[in-house]
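Welcome, and thanks for taking a look at this structure with us. The briefing below starts with the DNA and then moves on to the protein chains.

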There are 2 protein chains.
Amino acid sequence: MSEDSRWTDAWEQTSSLLALRELTRLAEQVAPAVANRAGLTHNELRTLEHLVEGPMGPGELSRVLGVSSAASSGIIDRLEARGHARRVSHASDGRRTSVTISDSGRAEVVGHLMPMFRELAELDAGLTDAEREVVTRYLRGAARAMRTVT
Amino acid sequence: MSEDSRWTDAWEQTSSLLALRELTRLAEQVAPAVANRAGLTHNELRTLEHLVEGPMGPGELSRVLGVSSAASSGIIDRLEARGHARRVSHASDGRRTSVTISDSGRAEVVGHLMPMFRELAELDAGLTDAEREVVTRYLRGAARAMRTVT
DNA sequence: GTTGATGACTAACTAAGTGAGCAATCTAGT
DNA sequence: ACTAGATTGCTCACTTAGTTAGTCATCAAC
């Protein structure tokens, strides 16, 4: 048995691993698909997702996105040009600027993901406490496994 | 209560939804991280993942990747230049070429993902039949929800 | 055998990233 | 108070991976 067939065989061994594989495959597609529909790049959407949680500066943004500060500047430029975000100069520190999301930016993120979220919440609500415990343990374990490669 | 806070609140309501969110966040990061470590672009890695399953032509590749045929040509050029893939002219149809993965290409895909997979298989092996049924149902439901946005 | 369709590639351009470097501002040490 | 160094965000020049449009070769149908 070749190295490779052991790999693919194992992926397909159990219903749960198969479903997990399908889920991760879809998870990879969601962000690009939403970005595309919204007429944004992947990083612009990721930026909006972060800005929904609260304002942040270009430097911090470049760090969480894993891109250069030059790229971060450009992303904010583009979002600002479309009215999805605004630059506000920092109150106490004259060097810093704070980027805040606008209503249209919020609508872009929330609007496109809401249907998916509603379904997930509905699915989740159908779990008993015991089932939820099992599912949570599995999901956390899978996340742990994925962290090893990240 | 604002539209937005309902959204974020709901995400954080249950342990399972929180874990699912974390998992999907990681799933998005895995492919770019692996590609980066292997010195490949995301699409080059995706191509190798498809080629592991069997040879395919540039046209088919451009369709599954969702890029133009011109881009597909370039991706294959780069993979070929690194020795990860080879172009073989099609036996019966002179127009078509078949792209096959090389040992180094296979090693790139399998080698980087094997540790993650091993951990996932181990986690999965710890499930009872009843637990696996619960987990599978949840994962399939989550996948279904994500498909609505894709 | 000609005609139209198909598959892969090339050419010219666009967009989003990089690295290097600059101006403004803050912080610390004297 | 003032200078020296650190930090922040931005601009410039360039690279790279994508796009559209169009070419060439081959195949299938009439």
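Predicted model: local features only at pLDDT ≥ 70, side-chain atom pairs only at ≥ 80, totals over all residues.

Around DNA strand C there are 22 residues, and the nearest of them are A:Ser68, A:Ala70, A:Gly94, B:Gly57 and B:Gly59.

**The DNA strands**

- Sorted by class, the surface near DNA strand C has 10 polar, seven nonpolar and five charged residues.
- DNA strand D is surrounded by 22 residues, with A:Gly57, A:Gly59, B:Ala70, B:Ala71 and B:Gly94 as the closest.
- Two or more residues of the surface near DNA strand D come from each of these elements: helix 4 (58–65) and helix 5 (69–81) of chain A, and helix 5 (69–81) of chain B.
- The surface near DNA strand D is made up of 10 polar, seven nonpolar and five charged residues.

**Chain A on its own**

- Chain A contains seven helices and two strands.
- Read from the N terminus, the order of elements in chain A is α-α-α-α-α-β-β-α-α.
- The C-alpha trace of chain A spans about 60 × 40 × 30 Å along its principal axes.
- The radius of gyration of chain A is 20 Å, whereas a compact globule of 150 residues would have one near 15 Å.

- The contact between the chains draws 54 residues from chain A and 54 residues from chain B.
- On the side of chain B that touches chain A, helix 1 (3–11), helix 2 (15–38), helix 6 (103–125) and helix 7 (129–147) of chain B each supply at least two residues.
- Helix 2 of chain B provides the largest share of that side, with 16 residues.
- By class, the side of chain B that touches chain A holds 33 nonpolar, 11 charged and 10 polar residues.
- The copies meet through the same surface, because 100% of the interface residues of chain B are also interface residues in chain A.

**A helix pair inside chain B**

- Two packed helices are described by the angle between their axes and the distance between the axes.
- For helix 3 (residues 42–52) and helix 4 (residues 58–65) of chain B, the axes come within 11 Å and cross at roughly 115°.
- The crossing in which helix 3 of chain B passes helix 4 of chain B is right-handed.
- From helix 3 of chain B, B:Asn43, B:Arg46, B:Thr47 and B:His50 meet B:Leu61, B:Val64 and B:Leu65 in helix 4 of chain B.
- The residues of this contact between helix 3 and helix 4 of chain B comprise three nonpolar, three polar and one charged.

Conventions. Residues numbered from 1 in each chain as written. Chains lettered and ligands numbered in written order. Contact = placed C-beta atoms within 7 Å. Helix = DSSP H or I, 4+ residues; strand = E, 2+ residues; numbered from the N terminus. Nonpolar A, V, L, I, M, F, W, Y, C, P; charged D, E, K, R; others polar. Near = placed C-beta within 6 Å. Axes fitted to C-alpha atoms, helices over the stretch in contact; angles between N-to-C directions. Left-handed = near helix turned anticlockwise from the far one by under 90°. Rg over C-alpha atoms; globule rule 2.2 N^0.38 Å.
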